[in-house]
Amino acid sequence: MTAREQLNRRLETALDRLAWGFGDARRLLVERGLWPAAAPVLAAPDGARYRLAATRLRPAAGSARPQGLLVPEGDSLWGTLQLPDMPRRQLGQAVEEALWRVSPLPPDQVWCAWSAAPLAQGGWGVEWGACRRDQQGAALSHLGLAADAPLYLARAGQALPVRGAGWPAQQRRQRWLDGLALLGLLCLAAALAMPALMPLALKRQAVVRAMQHVGDLEPKAAPLRPQLDELRQQAGVADNLRQAVASADLPLASVIEALSEALPDDSWLERVEISGNDIRITGVAGNAGDLATRLGRHGGFVDVRASAASVRDSALGKERFTLEMRWRTAQTEGAKP
């Protein structure tokens with residue numbers, strides 16, 4: 001056996017045991033009335049009535065009409081088998097073949113019932129029971145039951161079904177009930193989870209609406225971007241002036257007033273740097289040379305010069321300039337030749 005075949009065999013064994021575990025859990029829930037299942041009324045040969053829940057027998061109250069025959073434990077033969085590892089779907093055929101060997105009567109003269117459980121050491125453990133067909137046929141006739149009525153073998157307060165002609169129909173009905181029960185559980189879980197998930201859904205919807213609103217505003221805000229950029233530049237100039245006020249000894253109000261007087265209407269400043277008496281300005285003007293001349297003629301500035309060549313801004317149709325100068329003070333007057 002190759003490694004792949006061994007892996008597939010292990011996976012199949014694990015799934016079979018998992019399926020058996022779910023089936024056994026369902027049996028326990030049915031016996032405690034926590035899972036929907038058919039609960040047939042069974043009649044014993046002595047006339048006693050029992051109601052069957054999965055494999056557990058309980059006395060039936062009232063005069064309910066029996067739907068099947070319950071064979072007492074004393075009228076049946078019981079034993080156990082141990083089968084090797086095999087797929088769960090092959091258990092039925094394997095048990096039938098094994099019962100052919102251990103049955104004291106020919107298989108066509110007995111009714112057989114069995115249940116299988118996985119063993120810890122591997123393989124399957126099977127508990128089986130058998131009863132005579134002719135004896136139970138007489139009991140069915142005595143109780144007024146049909147020849148194909150369900151037949152169960154009693155053992156220690158429990159009952160195992162005989163897997164006869166009506167067994168597949170019973171299994172199909174139970175699968176329908178299991179499907180309805182699972183659907184009900186899913187609906188209940190969804191109803192319980194809805195209050196917890198609703199805030200998340202509302203938050204997601206709010207985020208989606210906010211993104212749509214931003215997407216709608218984006219084209220409308222495009223024309224305002226140049227104005228915002230200009231406001232940012234002016235805010236930068238204002239920040240520089242506030243920093244200069246905190247660190248300089250110059251009469252800043254006089255400096256700003258002098259710059260405002262000297263600048264033409266078609267010019268503006270983007271940056272003002274002041275270090276001691278030295279002033280450096282950066283901005284845009286229609287004619288940078290004419291601006292330097294006007295600043296030199298102003299009585300408040302001396303040593304006006306361009307620290308870098310002016311550059312033509314084709315988008316604005318103006319020249320970008322950087323000028324350096326000093327503020328006229330008594331010290332600068334004394335330093336002049």
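Beyond its neighbours within four places in sequence, Glu 319 is in contact (heavy atoms within 4.5 Å) with Gly 283, Val 284, Ala 285, Gly 286, Asn 287, Ala 288, Ser 310, Val 311 and Arg 312. The model is predicted: local features need pLDDT of at least 70 and side-chain atom pairs count only at pLDDT 80 or more, while totals for chains, interfaces and linings use all residues. Residues are numbered from 1 along each chain as its sequence is written, and side-chain values use heavy atoms, with hydrogens and water left out.

**Glu 319**
- Glu 319 belongs to strand 13 (residues 318-327); strands are DSSP runs of E with at least two residues, and helices are runs of H or I with at least four, numbered from the N terminus.
- Glu 319 is buried without a salt bridge, where buried means under 20% relative accessible area, exposed over 50% and partly exposed in between (1.4 Å probe, protein chains only).
- A salt bridge requires a side-chain nitrogen of Lys or Arg within 4 Å of a carboxyl oxygen of Asp or Glu; the nearest side chain of opposite charge to Glu 319 is Arg 312, 4.0 Å away.
- A polar atom of the Glu 319 side chain lies 3.0 Å from the backbone nitrogen of Ala 288.

**Cysteines**
- The count is 0 disulfides, a disulfide being a pair of cysteine sulfur atoms within 2.5 Å.
- The sulfur of Cys 112 is 7.9 Å from its closest cysteine sulfur, in Cys 131, which is too far for a bond.
- Cys 112 is partly exposed at 23% relative accessible area, whereas Cys 131 is buried at 3%.

**Confidence**
- The mean pLDDT (the predictor's confidence in each residue, from 0 to 100) is 84, and 94% of residues reach 70 or more.
- Confidence is lowest in helix 8 (residues 330-335), with a mean of 53, and highest in strand 9 (residues 158-161), at 92.

Conventions
Lys and Arg count as positive and Asp and Glu as negative; His and the chain ends are not counted. A polar contact is a pair of N or O atoms within 3.5 Å; within protein, one must be able to donate a hydrogen and the other to accept it, and residues adjacent in sequence count only if both atoms are side-chain atoms.
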